[in-house]
Amino acid sequence: MKLRWLLPSLIGTLLLSANAAEAAKLKYWRFNAEQNRIDLITDAGIQPKAQVFLNPTRLVVDLPGTVFGKPKVSQEIGKRIRFVRAAQFNRKTTRLVVELASGYTLSPERVRVRSLSTTRWFVQLPRPERLREQPDQSQRSVDLPVPLPKPAGQVPKVGLVIAVDPGHGGPDSGAVGIGGLQEKRVVFPIATEVVNLLQRQGVKAVLTRTDDREVDLAPRVARAKGFNADAFVSIHANAISLSRPDINGLETYHAPGSTSGARLAQTIHNSILRTVSVQDRGVRQARFYVLRKSSMPAVLVEVGFVTGREDAANLGSVNHRSKLAQAIAEGILRYFQAK
Ligand SMILES: [Zn+2]
């Protein structure tokens, strides 16, 4: 059973010896206390190793073939996790150590070492627990499995925060279209799925409202700012008179004069046009409150017309909404990849 855990590090060793001549440099590391996670970025591909030492408990993450390039750094964390330290361990290895407060431990099998690419790794820690029983003194350390890095592909920025804003809510149903289709019932599932998709890519995504309630515009913007979001993406559905079912299509808005907003809007807009069948009504400028008042790049996507014959049929479909969510999430990631 131990053997299963040893195998990945063996493969890692083989991989590294292939390009041992080139040392990577640790460009960025941070312990995110809110998410109990260490984020790492190197300038060349690496294959970390991880171990949990017991009595007392500490997590050791080694980055073979990596230069730290600085004196030892220690970050004080809090009650359960005392310190996270980073230092050059030997000539070829940078070592990070997470030291738990005395009386606390964590289950090694719940620590996840994962990659977003060969140069971007994160270590997800479980919440440390109070040590209940006398630990087994015979066991001193446990090697953790570290999967091979994800192949290059979608690589979001480490530490990226996205605020996703489902329009309307509660007594404010937004626009009402064909067959009584309500805007709030269209945009909420899309926004929720965008958040889930982004989170699966290692991005911190937050909703400006998490259930069916009315939230004013100012607190939506304030919430995004409070989370220090890198982008604000508001999701709405459009409407015109019920006597114009011929008007259908996608519109994506940004604030006038915002070049980053314009680029984000265009990237999301294109991603949607590639993914679903919808008429292109263009990327547009508007002085909407949420666009004007947001301090980060902000866009508002009108995913279609609830009063439009084609759009209303599509927006009522779970499958179509799901595709819209995928396209929006992909557009957001693409924007930050290109940055
Ligand atoms: Zn709306």
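**Figure 1. Buried residues of helix 4 in the predicted model.** In this predicted model, the buried residues of helix 4 are Gly 261, Ala 262, Leu 264, Ala 265, Thr 267, Ile 268, His 269, Ser 271 and Ile 272. The helix covers residues 259-275, which makes 17 residues. At 1.5 Å a residue, helix 4 should span 24 Å, and the distance of 24 Å between its end C-alpha atoms agrees with this expectation.

Figure 2. Six strands form an open sheet with mixed pairing, and their order is 15-14-16-19-17-18. Strand 15 (204-207) and strand 18 (280-285) are the edge strands, each of which pairs on one side only. From one strand to the next, the twist averages 20 degrees. Strand 14 (residues 161-166) pairs with strand 15 in the parallel sense, over four bridges. Within this pair, Val 161 stands opposite Lys 204 of strand 15.

**Figure 3. Helices 2 and 4 against the sheet.** Helix 2 lies across strand 14, strand 15, strand 16 (231-238) and strand 19 (298-305). Relative to strand 16, helix 2 runs at about 150 degrees. Helix 4 also packs on the sheet, where it touches strand 16, strand 17 (250-254), strand 18 and strand 19. The direction of helix 4 makes about 165 degrees with that of strand 17.

**Figure 4. Helix 2 and the glycine that follows.** Helix 2 consists of 18 residues, residues 183-200. The buried residues of helix 2 include Val 186, Val 187, Phe 188, Ile 190, Val 194, Val 195 and Leu 198. Glu 183, Lys 184 and Glu 193 are also among the buried residues of this helix. After helix 2 comes Gly 202, with a positive phi near 85 degrees.

**Figure 5. The nonpolar cores.** The largest nonpolar core has 54 residues, and those with the most contacts inside it are Ile 162, Val 233, Ile 328 and Ile 332. When its neighbours within four places in sequence are left aside, Ile 162 is in contact with Leu 198, Val 203, Ala 205, Ala 229, Asp 230, Ala 231, Val 233 and Ile 332. Another core lies apart from this one and has 28 residues, among them Leu 59, Val 113, Trp 121 and Leu 144.

Figure 6. Strand 1 (residues 24-32) and strand 2 (residues 37-42) pair in the antiparallel sense over six bridges. Opposite Leu 26 stands Thr 42 in strand 2. Strand 10 and strand 11 (residues 120-124) are likewise paired in the antiparallel sense, over five bridges. A hairpin of two residues joins strand 10 to strand 11, and the bridge partner of Arg 114 in strand 11 is Phe 122.

Figure 7. Most residues other than glycine have a negative phi, and most peptide bonds are trans. Asn 36, in the loop between strand 1 and strand 2, has a positive phi near 55 degrees. Asn 36 counts as partly exposed because 18 other C-beta atoms lie within 10 Å, a number between the limits of 12 or fewer for exposed and 20 or more for buried. Asn 55, located in the loop between strand 3 and strand 4, has a positive phi of about 55 degrees and is not a glycine. Asn 55 has 14 C-beta neighbours inside 10 Å and is therefore partly exposed. The peptide bond that joins Asn 55 and Pro 56 is cis, with omega about -10 degrees. Pro 56 is found in the loop between strand 3 (49-53) and strand 4 (58-64).

**Figure 8. Pro 219 in helix 3.** Pro 219 belongs to helix 3, residues 217-226. Pro 219 counts as exposed because it has 12 C-beta neighbours inside 10 Å. Arg 209 is 10 residues away along the chain, and the C-alpha atoms of Pro 219 and Arg 209 are separated by 9.7 Å.

**Figure 9. The protein chain as a whole.** The protein chain contains seven helices and 19 strands. Of its 339 residues, 41% are buried. Among contacts with a separation of 6 or more, 73% are between residues 24 or more positions apart.

Conventions. Residues are numbered from 1 along each chain as its sequence is written. This is a predicted model: local features need pLDDT of at least 70, side-chain atom pairs count only at pLDDT 80 or more; totals for chains, interfaces and linings use all residues. Two strands pair if DSSP finds at least two bridges between them. A nonpolar core is a set of buried Ala, Val, Leu, Ile, Met, Phe, Trp, Tyr and Cys residues joined through C-beta atoms within 7 Å. Two residues are in contact if their C-beta atoms, placed from the backbone, lie within 7 Å. The expected span of a helix is 1.5 Å times one less than its number of residues. Axes are lines fitted to C-alpha atoms, for helices over the stretch in contact, and angles run from 0 to 180 degrees between N-to-C directions.
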